[in-house]
Amino acid sequence: VVGGRSYPDCLEVVTHLRAPERRAEMFYSSYYARGVGLVGQEPWPRQQQPVLTVALQDYGVQQL
């Protein structure tokens with residue numbers, strides 16, 4: 001649910017970035033909805049209540 005709207009059956013893509021020379025790592029999940037695209041990203045470790053760092057603001061169908 002983003003901005004009060006539900007996006008069922010989202011695809012979750014987990015990204016793992018690491019810099020070997022610094023031994024630093026970063027994980028986050030990106031959520032994609034069919035026909036819409038990216039609707040939000042969530043940093044790891046996950047919280048009890050999901051916190052999206054990027055959230056979809058608006059979308060529409062492009063006329064061809």
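Predicted model: local features only at pLDDT ≥ 70, side-chain atom pairs only at ≥ 80, totals over all residues.
**View 1. The aromatic pair Phe-27 and Trp-44.** The structure holds a single aromatic pair. Its partners, Phe-27 and Trp-44, are stacked. Their ring centres are 5.6 Å apart, and 15 degrees separate the planes. That angle counts as stacked because it falls under 30 degrees. Phe-27 belongs to strand S2 (residues 24-33). Trp-44 sits in the loop between strand S3 (37-43) and strand S4 (54-55). The pair therefore ties together parts that are 17 residues apart in sequence.

**View 2. The largest pocket and its lining.** The largest pocket holds about 170 Å³ of space. Ten residues line this pocket. Closest to its centre are Val-1, Val-2, Tyr-31, Val-39 and Leu-52. Strand S3 gives the largest share of the lining, with three residues. By class, the lining has eight nonpolar residues, one polar and one charged.

View 3. Glu-42 lies in strand S3. Is this residue, Glu-42, buried or exposed? Glu-42 is buried, because its relative accessible area is 6% and the cut-off for buried is under 20%. The side chain of Glu-42 makes a polar contact with the side chain of Tyr-31. The contact spans 2.8 Å.

Note on methods
Residues numbered from 1 in each chain as written. Heavy atoms only, no water. Phe/Tyr/Trp six-rings, centres within 6.5 Å; stacked < 30°, edge-to-face > 60°. Helix = DSSP H or I, 4+ residues; strand = E, 2+ residues; numbered from the N terminus. 1 Å grid on protein atoms, 1.4 Å probe; cavity = no way out; pocket = protein on both sides within 12 Å on 5 of 7 lines; lining within 4 Å. Points joined across faces, edges and corners; volume = space filled by probe spheres on them. Nonpolar A, V, L, I, M, F, W, Y, C, P; charged D, E, K, R; others polar. Buried < 20%, exposed > 50% of the residue type's maximum accessible area, 1.4 Å probe, protein only. Polar contact = N/O pair within 3.5 Å; in protein donor to acceptor, adjacent residues only side chain to side chain.
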